[in-house]
Amino acid sequence: MGAIAFDTLEFFETLRGAGVPEEQAKAFLTVAQKSHENADLATKQDIVGLRYEIHDLRKDMDTQHATLRADMQHQNKALELHLTIKLGAIVVAAAGALPLLSKLLHLF
């Protein structure tokens with residue numbers, strides 16, 4: 001991460017020029033320096049790196065999405081075939097039972 005350019009002398013002189021006592025100006029300067037030292041800022045290079053990472057993640061997600069879609073289509077085809085076979089068996093069983101039912105109905 002990057003650092004902030006900070007002119008401590010100009011800061012101190014600005015405070016002194018505004019009438020801030022020297023001890024207070026030094027205290028303000030110390031606080032400002034510490035806040036800038038601990039600043040965790042992103043540089044342009046950091047942002048470019050993140051863009052590449054996001055691009056790679058998108059490609060991975062697109063690949064995973066395509067794989068999942070293909071798997072679901074395959075499972076749907078298998079389920080469709082299974083249901084067609086079941087329905088066909090039910091139709092064949094019902095068609096085979098019709099003559100038997102017809103004979104039974106004629107008996108009554």
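Okay, so going from the N terminus, the elements of this protein chain run α-α-α, with helices being DSSP runs of H or I, at least four residues, and strands being E runs of at least two, numbered from the N terminus. The chain's radius of gyration is 39 Å, well over the 13 Å that the globule rule gives for 108 residues, so the chain is more spread out than a compact globule. That radius is taken over C-alpha atoms, and the rule is 2.2 Å times the number of residues to the power 0.38.

Before I go on, the ground rules. This is a predicted model, where local features need pLDDT of at least 70 and side-chain atom pairs count only at pLDDT 80 or more, while totals for chains, interfaces and linings use all residues. Residues are numbered from 1 along each chain as its sequence is written, and side-chain values use heavy atoms, with hydrogens and water left out.

Back to the overall picture. The C-alpha atoms fill a box of roughly 120 × 30 × 15 Å along the principal axes. Buried residues make up 6% of the 108; buried is under 20% relative accessible area, exposed is over 50%, and partly exposed is in between, with a 1.4 Å probe and protein chains only.

So which residues form the largest nonpolar core? Five of them: Phe 12, Leu 15, Val 20, Ala 25 and Leu 29. A core here is a set of buried Ala, Val, Leu, Ile, Met, Phe, Trp, Tyr and Cys residues joined through side-chain atoms within 4.5 Å. Helix H1 (8-17) and H2 each supply at least two residues of this core. Leaving aside neighbours within four places in sequence, Phe 12 is in contact (heavy atoms within 4.5 Å) with Glu 22, Ala 25, Lys 26 and Leu 29.

Two of those partners come up again. Glu 22 forms a salt bridge with Lys 26, with the closest N and O atoms 3.3 Å apart; the cut-off is a side-chain nitrogen of Lys or Arg within 4 Å of a carboxyl oxygen of Asp or Glu. A search of the whole structure finds one salt bridge. Both residues lie in helix H2 (residues 22-37), four residues apart, about one turn of the helix. Glu 22 is partly exposed at 37%, and Lys 26 is partly exposed at 38%.

Last stop, helix H3 (residues 44-107), where Leu 100 is found. Is Leu 100 buried or exposed? Exposed, at 54% relative accessibility.
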